[in-house]
Amino acid sequence: QLQLVESGGGLVQPGGSLRLSCTTSGFSLDYYAIGWFRQAPGKEREAVSCIKSSGSNTYYKDSVKGRFTISRDKAKNTVYLQMNSLKPEDTAVYYCAARLGPDYGLGSTEYDYWGQGTQVTVSS
């Protein structure tokens with residue numbers, strides 16, 4: 001049974017930082033690309049950052065580039081999203097998703113396995 005569990009969300013002030021964790025089980029990160037998505041109320045679910053199964057190549061949405069960093073710890077079966085300089089527009093539920101194969105995709109329909117999400121709220 002493939003599982004992904006997000007953690008690390010919370011309430012922060014603008015300019016603050018959070019580190020999201022996606023702890024996986026039932027599969028190897030060697031065989032699955034991972035994507036971080038977010039969805040704000042009234043908006044489409046969008047790709048924030050993705051990483052290939054090799055861990056070598058990554059994607060960042062333009063609005064988060066330079067602020068967010070995706071990384072992996074294969075020994076812990078965990079993918080991280082470090083979020084710095086957070087802005088109110090980053091407020092959303094953040095999801096971790098897995099896609100079988102070496103390559104990530106930017107559409108949510110390209111991922112078969114999802115976590116439950118973790119709320120990130122950036123507000124004064």
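Trainee: What makes strand 4 and strand 9 (residues 92-100) a pair?
Mentor: Two strands pair if DSSP finds at least two bridges between them. Strand 4 and strand 9 are joined by eight bridges and run antiparallel, so they count as paired. One of the bridges sets tyrosine 32 against leucine 100 in strand 9. The model is predicted, so local features need pLDDT of at least 70 and side-chain atom pairs pLDDT 80 or more, while totals for chains, interfaces and linings use all residues. Numbering starts from 1 along each chain as its sequence is written, and side-chain values use heavy atoms, without hydrogens and water.

Trainee: What does strand 4 form with strand 5 (residues 46-51)?
Mentor: A hairpin, with six residues between the two strands. Five bridges pair them in the antiparallel sense, and tryptophan 36 stands opposite serine 49. In the turn, glycine 42 has a positive phi of about 80°.

Trainee: Why is strand 4 (residues 32-39) called largely enclosed?
Mentor: Buried means under 20% relative accessible area, exposed over 50%, and partly exposed in between (1.4 Å probe, protein chains only). Seven of the eight residues of strand 4 are buried, so the rest of the structure largely encloses this strand. Over the protein chain, buried residues make up 41% of the 124 residues.

Trainee: Which residues does isoleucine 34 touch beyond four places in sequence?
Mentor: Contact means heavy atoms within 4.5 Å. The residues that isoleucine 34 touches include Phe27, Ile51, Ile70, Val79 and Cys96.

Trainee: What makes up the largest nonpolar core?
Mentor: Such a core is a set of buried Ala, Val, Leu, Ile, Met, Phe, Trp, Tyr and Cys residues joined through side-chain atoms within 4.5 Å. The largest has 28 residues, and Ile34, Trp36 and Tyr94 are among those with the most contacts inside it. Elements giving two or more residues to this core include strand 3, strand 4 and strand 11 (118-122). Strand 9 provides the largest share, four residues. Another core, of five residues, lies apart from it, with Phe37 and Ala47 among its members.

Trainee: What is the strand order of the open sheet of four strands?
Mentor: The order is 1-3-8-7, with antiparallel pairing. Strand 1 (3-7) and strand 7 are the edges, since each pairs on one side only. Within the sheet, six bridges join strand 3 (residues 18-25) to strand 8 (residues 78-83), and leucine 20 has leucine 81 as its bridge partner.

Trainee: How many helices and strands does the protein chain have?
Mentor: Zero helices and eleven strands. Helices (H or I, at least four residues) and strands (E, at least two) are DSSP runs, numbered from the N terminus.

Trainee: Why does the radius of gyration agree with a compact globule?
Mentor: The rule, over C-alpha atoms, is 2.2 Å times the number of residues to the power 0.38. For 124 residues a compact globule would have a value near 14 Å, and the protein chain has 13 Å, so the two agree. The C-alpha atoms fill a box of roughly 40 × 30 × 25 Å along the principal axes.
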